[in-house]
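Subject: Two-chain model, handover and findings

Hello,

Here is the model you were expecting. My notes on pockets, chains and the interface follow below it.

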Amino acid sequence: MLTGDFNIKQEKKIEVRNLTKIFGKKPKKALSLIESGSSKSEIFEKTGQNVGLYNVNFDIYEGEIFVIMGLSGSGKSTLLRCINRLIEPTAGHIILDGEDVATANSEELREIRRKKMGMVFQNFALIPHRTVLDNVAYGLEIQGISKEERDVKAKEAIETVGLKGYEDSKTSQLSGGMQQRVGLARALATDPDVLLMDEAFSALDPLIRSEMQDELLALEDKMQKTIVFVSHDLDEALKLGDRIMIMHDGQIAQIGTAENILTEPADDYVSKFVAGVDRTKILTAETVMKRADPVVSMNSSPKVALQLMREHGISSIFVVNREKHLKGIISVDDAVSGSKAGKTIKDVMTSDVTVTYPDTPLNELIPIIENSSPIAVTKDDRKLLGVIVRGSVLGALAIEEA
Amino acid sequence: MAIPKIPIGDGVEYVVNWIEDDFGILLDIFSDVTDYIISGLNDTLLLFPPIVFALIIGIAAYFIGKKDLKLAIGSTVGLLLIENMGLWVLSMETISLVITSAFLALIIAIPLGIVSAKNEFAYHVIKPLLDLMQTMPSFVYLIPAVIFFGLGNVPGLVATIVFAMPPAIRLTTLGIQQVPKELTEVADAFGSTPWQKLTKVELPTALPSIMAGVNQCIMLSLSMVVIAAMIGARGLGYQVLIGIQRVDIGQGFEAGLGIVIIAIILDRFTQHLTPK
């Protein structure tokens, strides 16, 4: 098992420790077998009990989108429901803000669910006889908040998800995408720290799904909630997840960033899992760029530039200042004619360089690399980080496919 | 070796006698109260002159039926026809009996339906009882009803309640069991109390099914009220009974027609009150 080396300096929001869920009528026997290290299939043979989650341990950090990913039957939905105890865990702890959800009594649990967690469901689960406003206000209503106050908050949430004007609509009149916006607004209305999203976009058609994903990311930029997102769609997981946890058979196969998982799959299961991914969406400029070496200084001469190009067998070279900020590019032809005419670097270079940023996905670079190789990879302040040439993009894709 | 006859009949008789002897006072109180309700309702209905009553129902039908003119006119004309056949007082008596018994049946049936939806054990106890109640010939209920309450409206009402409850219980249970799992999860996930979950999510979602149960309950009450005439319940059923005894086809048919008119009006009203 590989634990992600994600060094964000953030607080742990949720700590899951030794979480186990056994489906069946005699969980105790199965539980003791787990403690003695028996496998899932051994336990099923011996006791007839089905292990849904097998001793799961992980942390979720404050403000991240944590995607739990797996095929059906992998235990991802069970795990999500254990976090707010819609499914009662058989053993283990779920520490939320230092408080153990797993051992909370029904009163405490209700308080946690009301104040700290919101949930969004796969099939929207809107209450059919209520208007949009009353659906969104549900969480506030059961807390006994006055009609005026909850309507104000609910309207804010409705506006946040872009449904202003639909407050009094019946939910059945809305499209799937809009219904799920209502579902999201309902979860946001109580202003919880944690959002649990169970396959929230899986029932939507692909275009709407992608649109909702973008909006969720935009919302998350503003709100900084801790989001636990369950998905069976790897593309979705890679797009949304700050970190992704891949589940297999009730156990964790790997936790890591999208790139971690694509470039260093922990085991065969994960590598098979990610085999079909469209890497161009995941790999970024940073992962395929090469060191920009050599470069030529502004104060140097075309002759030096020519010499460097000859040594390294390249046909153009970037020009930088002393702080390594990109200033321009010189081609072989310009360098030759420039050095003959005794011109300076400034005279012969062109500042017309194609520039990109480290986190630009590869699929955005492929269309432009054909005509504008090389591409400079810079920071926002144009500090040169690296270079991408046509060959390195194709190379990266070829290596990953192999 | 002959197996001796198991004294099922004797046992039931014993239980019935025991209730009769030991709970006589309670039975009397119940009898007085329900009699009071029925006759009170009956007197109230008879306060209106028939033509006024028919018009009120017609107007009510117009609004309940979402401006359905056919229903409005049909209700008014039907009631006037009853008056024309000289069955007005008997009809009001039947309606009082039906409304009272259906109301009492629902007061018992809906909570029972909820309990049996929520509690596995209750479900397994109630279900066979319902099967028994629904397959037992309805005349059989008349016997203990007579023993407990004598002849008259009250035993008719009690037999009717027993007869009309099962579908309301079943449809309430079914309605709540069929609330989508995600919806009950919503109620839980946002921290509802069990009562909030029931009243704000489950019952409203189950309402169409529960209303179908209400409709069935009223319809069965009407059919049983007629049978209950055999033990002295008043109303149109009594008229039918006399028709049978005297082999008077005309009288029997007219009373029957009156029942049909009342049935249609009650059915349409409850159906329109069911949220779609």
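Helix 9, helix 10 (234–240), helix 11 (258–263), helix 13 (279–282) and helix 18 (362–372) of chain A each give at least two residues to the lining of the second largest pocket. Helices (H or I, at least four residues) and strands (E, at least two) are DSSP runs numbered from the N terminus. Pockets and cavities come from a 1 Å grid over the protein atoms alone: a cavity is a set of points where a 1.4 Å probe fits but cannot get out, a pocket is an open set with protein on both sides within 12 Å along at least five of seven lines, and lining residues have an atom within 4 Å of a point.

This is a predicted model, in which local features need pLDDT of at least 70 and side-chain atom pairs count only at pLDDT 80 or more, while totals for chains, interfaces and linings use all residues. Residues are numbered from 1 along each chain as its sequence is written, chains are lettered from A and ligands numbered from 1 in the order in which they are written, and side-chain values use heavy atoms, with hydrogens and water left out.

The second largest pocket holds about 620 Å³ of space, where a volume is the space filled by probe spheres set on the grid points, joined across faces, edges and corners. It is lined by 22 residues, and Leu238(A), Lys239(A), Lys281(A), Thr284(A) and Asp359(A) are the closest to its centre. By class the lining has 8 nonpolar, 5 polar and 9 charged residues; Ala, Val, Leu, Ile, Met, Phe, Trp, Tyr, Cys and Pro count as nonpolar, Asp, Glu, Lys and Arg as charged, and the others, Gly among them, as polar.

Chain A is divided into domain 1 (12–116 + 192–277) and domain 2 (286–401), with bounds from an automatic or database domain assignment. The C-alpha centres of these two domains are 44 Å apart. The second largest pocket lies between the two domains, because both give residues to its lining.

The largest pocket has a volume of about 790 Å³. Of its 22 lining residues, Val12(B), Val16(B), Tyr141(B), Pro144(B) and Val162(B) lie nearest the centre. Two or more residues of this lining come from each of helix 1 (8–22), helix 6 (120–135), helix 7 (138–149) and helix 8 (153–177) of chain B. Helix 7 of chain B has the largest share, 8 residues. The lining of the largest pocket divides into 19 nonpolar, 2 polar and 1 charged.

Helix 8 (176–189) and helix 9 (206–223) of chain A each supply at least two of the lining residues, with the largest share, 4 residues, coming from helix 9. The classes here are 6 nonpolar, no polar and 2 charged.

Chain B has 12 helices and 0 strands. Its C-alpha atoms fill a box of roughly 65 × 60 × 35 Å along the principal axes. The unreviewed UniProt entry annotates "transmembrane region" at residues 45–64, 71–89, 95–117, 138–165, 218–237 and 249–266 of chain B; UniProt positions are in the numbering used here, feature names are shortened, and annotations may be inferred rather than shown by experiment. Residues 45–64 are 90% helix and 0% strand, with end C-alpha atoms 20 Å apart. Residues 95–117 are 100% helix and 0% strand, and their end C-alpha atoms are 31 Å apart. The entry also places "domain: ABC transmembrane type-1" at residues 91–270 of chain B. That span is 87% helix and 0% strand, and its end C-alpha atoms lie 19 Å apart.

Met219(B) lies in helix 10 (residues 194–227) of chain B. Apart from neighbours within four places in sequence, Met219(B) is in contact (heavy atoms within 4.5 Å) with Ala263(B), Leu266(B) and Asp267(B).

Finally, the interface: 17 residues from chain B and 24 residues from chain A take part in the contact. The two chains bury about 1,800 Å² between them, 60% of it on carbon and sulfur atoms; buried area is the accessible area (1.4 Å probe) that two parts lose on being put together, summed over both. On the chain B side, Glu182(B), Phe190(B) and Lys200(B) lose the most area to chain A, together 38% of what that side buries.

Regards
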